[in-house]
Amino acid sequence: MITLNIEVALKSCSTITEAQIITTCFSYLITQKFKSGMVISKFSDRVLNQEVDYILIEDTDSEDYINLTEVRINWYVYTLHNTEPQMDSVCNSDDETINLATHLTLPSTDLLNLWDNLIYDSQIKDMLLKYAATIMEFSKKGVDTNIVTCNRVILLHGPPGTGKTSLCKALAQKLSIRMRYKHNVLIEVNSHSLFSKWFSESGKLVTKMFTRIKEVVEDNKTLVCVLFDEIESLAHAREQCMSGNEPSDSIRVVNAILTQIDQIRRYPNVVVLATSNITGAIDIAFIDRADIKQYLGLPSPQAIYQIYYSCLQELFMIFRTYLSINNASDM
């Protein structure tokens, strides 16, 4: 029996219980014809219209209609948050405000449809999601990391413009839905702001940033996804630092990053996501800490076709909506 994942996004005003909505959704879907990959947002059922924004059927390899009585269903019921990202700031030696990171509550309306609109030539998305969910389950179950190495660090690398940052954010969104934590947050580190003109202050800023992260992580009911975009700007190779004008300060930053990552791995509710355009510039010690190192290359002609096709479909849908509104107003 195959397993099918079904996501149910509730409206922000919904008061229905999870058990009730699952029963209602099952009763409704079993009477409908649907295929995997579908998003259902209009319902003939009154309760679903009142309580549900949409139902997403996970994409599978099958193109046939799905019979719910023949599959094992994993239900994921959640409410999207529409709160704006919050800046985490401190003051430096010049009393200037430095934005250390951005905190976004997940699952977020800002990331709605991002996962489905990322197109790759292989099953990279599904592989990353399954792997990330597995390592998080290992942590929740208390698997001994001295026996099964699991740092919960994922590194995506490749040329610019291949969707590495978007995929990290979309992965964090999916994990917030799948892992069933009470609270979920994406902390996007502002890597470039952590460097100071004052000697040795950069390392202190990194430590201070991780101190703030630990304050969030200490709540074991909160899933924390930490995103380092362009990690090479922080964890650059220490061999290269030695050729700079202030090598010791740069090395302090790298050492602080590695030390702090080793410390937060003790918490089972945190995963580190990192991207890099220049893998060779990253310190080898950071690369060794990454459980998975996934290369994202430039899209093939087939993937490019799918990307343009999805864009045109979106524009056509907006155009049809625009025409229907104008036609209705003229009547």
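Modeller: What follows describes the pockets, then a strand that lines one of them, a serine in a loop and the cysteines.

This is a predicted model, in which local features need pLDDT of at least 70 and side-chain atom pairs count only at pLDDT 80 or more, while totals for chains, interfaces and linings use all residues. Residues are numbered from 1 along each chain as its sequence is written, and side-chain values use heavy atoms, with hydrogens and water left out.

The chain has 9 helices and 11 strands; these are DSSP runs numbered from the N terminus, helices being H or I of at least four residues and strands E of at least two. Its C-alpha trace spans about 70 × 50 × 40 Å along the principal axes. Of the 331 residues, 44% count as buried (buried is under 20% relative accessible area, exposed over 50%, partly exposed in between, with a 1.4 Å probe and protein chains only).

Pockets are found on a 1 Å grid over the protein atoms alone: a pocket is an open set of points with protein on both sides within 12 Å along at least five of seven lines, and lining residues have an atom within 4 Å of a point. Grid points are joined across faces, edges and corners, and a volume is the space filled by probe spheres set on the points; the probe is 1.4 Å.

The largest pocket has a volume of about 1,800 Å³. Its lining holds 47 residues, and G37, D59, W115, D116 and K125 lie nearest its centre. Two or more lining residues come from each of β1 (2–10), β3 (52–57), β4 (71–79), α3 (124–140), α4 (164–178) and α9 (301–330). The largest share, 8 residues, is that of α3. By class the lining has 19 nonpolar, 14 polar and 14 charged residues (Ala, Val, Leu, Ile, Met, Phe, Trp, Tyr, Cys and Pro count as nonpolar, Asp, Glu, Lys and Arg as charged, and the others, Gly among them, as polar).

The second largest pocket has a volume of about 320 Å³. It is lined by 16 residues, with V77, Y78, Y181, K182 and N184 closest to its centre. β4, α4 and β8 (183–189) each give two or more residues to this lining, and β4 gives the most, with 4. The classes here are 7 nonpolar, 6 polar and 3 charged residues.

In β8, 5 of the 7 residues are buried. Strands pair if DSSP finds at least two bridges between them. β8 pairs with β6 (residues 97–105) in the antiparallel sense over 5 bridges, and T102 has E188 of β8 as its bridge partner. β8 and β9 (residues 222–228) run parallel and are joined by 7 bridges; N184 has L223 of β9 as its bridge partner.

S300 sits in the loop between β11 (292–295) and α9. S300 counts as buried because its relative accessible area is 18%. Its side chain makes a polar contact with the side chain of D121 at 2.4 Å (a pair of N or O atoms within 3.5 Å, where within protein one must be able to donate a hydrogen and the other to accept it, and residues adjacent in sequence count only if both atoms are side-chain atoms).

With a disulfide defined as a pair of cysteine sulfur atoms within 2.5 Å, the count is 0. For C13, the nearest cysteine sulfur is that of C25, 15 Å away. C13 is exposed, at 58% relative accessibility. The sulfur of C225 is 9.8 Å from the closest cysteine sulfur, in C168, and is therefore too far for a bond. C225 is buried, at 0% relative accessibility.
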